[in-house]
Number of protein chains: 2
Amino acid sequence: MGRNRATLADVARRAGLSKTAASMVLNGREGTRLSAEAHQRVFAAAEELGYRPNLAARSLRTRKTATIAFVSDIVATTRFAGDLIRGALDAARERDHVLLITETQGDATFEQYAIEAVLDRQVDGVIYAAMATRRLTVPPAILGGPVVLLNATSSDGLPSVLPDDERAGLSVASALLELGHRDAIALIGRNRLKEDDPEVSLAARARLHGIQQALGEADVSLLAECFCTEWLPEHGYAAMRTLLNRSKRPSAIICMNDRLAFGAYQALGEAGLSVPEDISVISFDDDPIAAWLRPSLATTALPHEQMGRRAVELLLDGGVAESPLVPMPLRRRRSLAPPAG
Amino acid sequence: MGRNRATLADVARRAGLSKTAASMVLNGREGTRLSAEAHQRVFAAAEELGYRPNLAARSLRTRKTATIAFVSDIVATTRFAGDLIRGALDAARERDHVLLITETQGDATFEQYAIEAVLDRQVDGVIYAAMATRRLTVPPAILGGPVVLLNATSSDGLPSVLPDDERAGLSVASALLELGHRDAIALIGRNRLKEDDPEVSLAARARLHGIQQALGEADVSLLAECFCTEWLPEHGYAAMRTLLNRSKRPSAIICMNDRLAFGAYQALGEAGLSVPEDISVISFDDDPIAAWLRPSLATTALPHEQMGRRAVELLLDGGVAESPLVPMPLRRRRSLAPPAG
DNA sequence: ATGCTCTGCTAAATCAGTTTAGCGACCACT
DNA sequence: AGTGGTCGCTAAACTGATTTAGCAGAGCAT
């Protein structure tokens, strides 16, 4: 790779100046007393030789690599990961940085390995990302330099970037209240494990709080709450069927995520009920599937791209981040209507 | 990041030996005549100091960085990208390498930038990946070193890794034939642009060929073919509705991808038809949605993780790759049944 | 004539490794 | 005693940049 690249010494020689002079000119150093003509010559030589600095050599001296490590537990499995990475990539490029990506797969050995690998390469900072919003403990090895937590928090007081799930819960419930739903709102996706263990999820509890707060303020209580062991379509399907067997049919359903809502749609379709005429449905995440459903599913979007971007900004610009919370915009779609009758 | 790391000189001093000796011992050099005791002392010193080599310094001398560039047009947008990256990440880790990921967004300026960024960092090789299987032209700048094309080919004769869409087409059609479907098989997703322009897609044409070959051998011809401008659920929905308005109802549908099949399911549900009793459905990709559908959708899996892995293997192990094609396994699921009646 | 400052530039050290060339001690052989 | 070979190890060069310290010459005042 890159054999025969011109070095700084080549540039200096061609310009008839010293390496020192060439280095200073190319780095735009202030306060140097090099003549305008010297500048000219260096630039010309660099241009002609197609000179590009060898960053390995530079970083040996400066201890800067213009490289950020993106260490995450799981990059695949969810299509959101790509957005997180893309946002980070964009922000990094704008700052002339590049991303070294590793995955720990939630395995301690891999994590150890990943961290050594990036530290050995002298990265300028680490973005430690979780694919499910949660609390975690960062490996002490990376604390020697800048770290930002992405989609996670820790007790170390490290800067972090999180989606604002509580406000999302609030807006989801409010959307239904505004339409006139009151006494027949059901919730699908309660889950003790997710709600009680912040190392599993922060989203479940926050979303629930938001929903409860909005409903409480309107003096409304839920018609029913369905517990689900996981937030997958099959669980949403089962929950919806249970709900439909009850004496009073709900006028609106809140699902804790879009996959549950997908399952709920399936059960509603089988029961011959239509959304939103018979039942409104609203949810969280804005998985691409939400827009593909018929009718399209109203939901609150996880701002993954924004979050990835913020993480890099926080890491490199050292911003103090007013708040770690990134808003989750409400996507109003066809699955919402006022209650029937 | 990583301040106060012990250097090789520290290790050598503690072992009471020279840097040369320490370097040789730690690199396990053959043919050196250093005593067993010297080995002991170096290993002990390295261990005690928690020594880790500075890879920037090493690669300055050796011109090896143990880093691979993963340059792709688009990392987000499809949930498959994650799998491609994960496979590459795994294979890279097994070989003590790490991935520098960049995205070009199909933009020439970004691409130029991305390539300079990775070449400046002296990567050992480049994986040039496309998110949709297609033919492309690689930027000449990266040809100075090893390159592997992932999910793409080019006219440069570069090694590449591709999914075997033609065989997938073959197995999809064969699966239907085996079940007894013959004169009422319809195809959703024909698309001239994708089929005719290899820079847009190689998959469409290959899948079609495979299907046609299998049907041809069985002396069967398609009942109908629906053209779709894109392969999104809405197009599958529309196509399916069109098909249902014809005089003869199909006994089986082949969709060119799972998203189209998702749309077809929606239209079938609305029409009160059930899968697979009334109509069988089979498709391509194995998007996670395929398993979530009710009934679960039979499809052929894009082996993205395998492909990512193969690309790294090809790049680092220099394998001659018997064939660039990675098999797409058939996932038999509930959407298949013999024709009714 | 001497000393001082300013200008425009460069030699050399430095970063942390790898690699080449070779040194001193010891032994065996003539 | 002199020569040659092996053993066990090291000094120094090298990679390609940045950075520190300082040099030569011009201009000016004393």
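This is a predicted model: local features need pLDDT of at least 70, side-chain atom pairs count only at pLDDT 80 or more; totals for chains, interfaces and linings use all residues.
1. The same surface is used by both: 98% of the contact residues of chain A recur in chain B.

2. Next, follow the strands. An open sheet of 12 strands runs in the order S11(A)-S5(A)-S4(A)-S3(A)-S1(A)-S2(A)-S2(B)-S1(B)-S3(B)-S4(B)-S5(B)-S11(B), with mixed pairing. At its edges are strand S11 (325-326) of chain A and strand S11 (325-326) of chain B, each pairing on one side only.

3. **One strand pair in detail.** In chain B, strand S3 (residues 125-135) runs parallel to strand S4 (residues 147-153), and six bridges join them. To find your place, look for Ala129(B), which stands opposite Leu150(B) in S4(B).

4. **Domains of chain A.** The domain assignment gives domain 1 (8-53), domain 2 (67-163 + 306-326) and domain 3 (165-302). The centres of domain 1 and domain 3 of chain A, taken over C-alpha atoms, are 64 Å apart.

5. **Helix H10 of chain B.** This helix (residues 233-244) has 12 residues, which at 1.5 Å a residue should span 16 Å; its end C-alpha atoms are 16 Å apart, so the two agree. Among its buried residues are Pro233(B), Tyr237(B) and Leu243(B). Their cover includes helix H12 (288-292) of chain A, as well as strand S6 (185-190) and helix H11 (258-270) of chain B.

6. Which residue does Glu270(B) meet in a salt bridge? The partner is Arg241(B), at 3.4 Å from N to O. The pair links helix H11 to helix H10 of chain B, 29 residues apart. Arg241(B) counts as partly exposed because its relative accessible area is 44%.

7. Asp165(B) is in helix H7 and Arg207(B) in helix H9 of chain B, so the pair ties together parts 42 residues apart in sequence. Both residues are buried.

8. **A pair between chains.** Glu116(B) forms a salt bridge with Arg52(A), with the closest N and O atoms 3.5 Å apart. Glu116(B) is partly exposed at 26% relative accessibility, and Arg52(A) is partly exposed at 31%.

9. **The wider count.** Over all chains there are 48 salt bridges. One network links Glu94(A), Arg95(A), Arg309(A), Glu313(A) and Asp317(A).

How values were computed
Residues are numbered from 1 along each chain as its sequence is written. Chains are lettered from A and ligands numbered from 1 in the order in which they are written. Side-chain values use heavy atoms; hydrogens and water are left out. Two strands pair if DSSP finds at least two bridges between them. Helices (H or I, at least four residues) and strands (E, at least two) are DSSP runs, numbered from the N terminus. Contact means heavy atoms within 4.5 Å. The expected span of a helix is 1.5 Å times one less than its number of residues. Buried means under 20% relative accessible area, exposed over 50%, partly exposed in between (1.4 Å probe, protein chains only). Domain bounds come from an automatic or database domain assignment. A salt bridge is a side-chain nitrogen of Lys or Arg within 4 Å of a carboxyl oxygen of Asp or Glu.
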